[in-house]
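Hello,

I am handing over the structure below. My notes on what was found in it follow.

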Amino acid sequence: MLILALALLTTGCQQQQPIFKETRMMMGTFVEVTSAHKEAAGIAFSEIQRIESLLSKYVPESEISRLNNQGSITASPETRQILQKAQEFYKFSNGAFDVTIGPLLDLWGFSDKKYRRPQDAEIAKALESVGSRHILIGDDTVELNKTGMKIDLGAIAKGYAVDMAVKRLKSRGIDSALINAGGDIFCLGNKGGSPWRIAIKHPAKTGFVKYLNLQNKAVATSGGYEQYFNSNGKALTHIIDPRRGLPVENKTVSVTVITEDCLTADAIATIAFVEGRSGIERLKKAFNAEILLWDETDV
Ligand code: AMP
Ligand code: MG
């Protein structure tokens, strides 16, 4: 889907500059690029498309799909690097962040949207195939060291894709654009001299819960409301606690992280969602991040 809109930006009373906004369905979400540079969206979309073809488990020929099917592949430096990063977040979070949750997402129906509540024995069995320590990254290979292991990069791939799109824009001399991949955002430069204005979606109602004014910063939001299903009166979210094999159940409804790069923002938003409020001080310090967290009681 491609929506092309042209709007007029007014900066105070001095200057009027056309701003272009394009939206495209990519990586399972809407990616929106806003810039005074007409060519920015095309450049960003083609880079995000490249990352999706490399890392999405839903693209049959991607390196991640081949890894999931074959258990071992010769992998590009880029895939090895992102898996390396994922392993670092796994270690830092003591397993709260784990890209090997693929078998659990399949079991709960989050991969194909055929939601179901599995039996305890099925969860215990799937957990045997979960654990990022079993990803073996070699000089040019990646191996999944346990049978049934499956990688899902849903918690970081969009952030990484946004960072790569920004890098591509900069290399083409574009210093001002806003890229939003379903809530994973980078504010490149500013908008006609003023910071970019970001609206954070309210987790429980229509409308927004917070506005941010940012330049050259990344923002990512993880919310239980993004994908969930109801079972026995409970909303079960797509963010899984990999140590228990269960959808995260804490009071957190939404987390927004502001950092220098979008991959980090994306990863730590997911970690903070799993850990809840008690985990955020440590994350803030370690990653020099600003973290906004909303509990059930806040909204
Ligand atoms: P995000 O919206 O960035 O928080 O990412 C959520 C997505 O990451 C889910 O839809 C899953 O694909 C995947 N995921 C779920 N739970 C975890 C987890 N504990 N660690 C890493 N990835 C996860
Ligand atoms: Mg994330």
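The model is a predicted one: local features need pLDDT of at least 70, side-chain atom pairs count only at pLDDT 80 or more, and totals for chains, interfaces and linings use all residues. Residues are numbered from 1 along each chain as its sequence is written, chains are lettered from A and ligands numbered from 1 in the order written, and side-chain values use heavy atoms, leaving out hydrogens and water.

Lys85 belongs to helix H3, residues 77–92 (helices are DSSP runs of H or I, at least four residues, numbered from the N terminus). Its C-alpha atom is separated by 9.3 Å from that of Thr264, 179 residues apart along the chain.

The magnesium ion (ligand 2) is coordinated by Ala155 (O), Asp266 (O), Asp266 (OD) and Thr270 (OG1) at 2.1 to 2.5 Å. Donors here are N, O and S atoms within 2.8 Å of the metal (3.2 Å for Na, K and Ca); water is not among the atoms, so sites may look incomplete. Asp266 and Thr270 are 4 residues apart in helix H7, and therefore separated by about one helical turn. Asp266 is buried at 5% relative accessibility, and Thr270 is buried at 11%.

Ile151 is in contact (heavy atoms within 4.5 Å) with residues including Lys57, Leu83 and Leu144, leaving aside neighbours within four places in sequence.

Regards

How values were computed: Helix = DSSP H or I, 4+ residues; strand = E, 2+ residues; numbered from the N terminus. Buried < 20%, exposed > 50% of the residue type's maximum accessible area, 1.4 Å probe, protein only.
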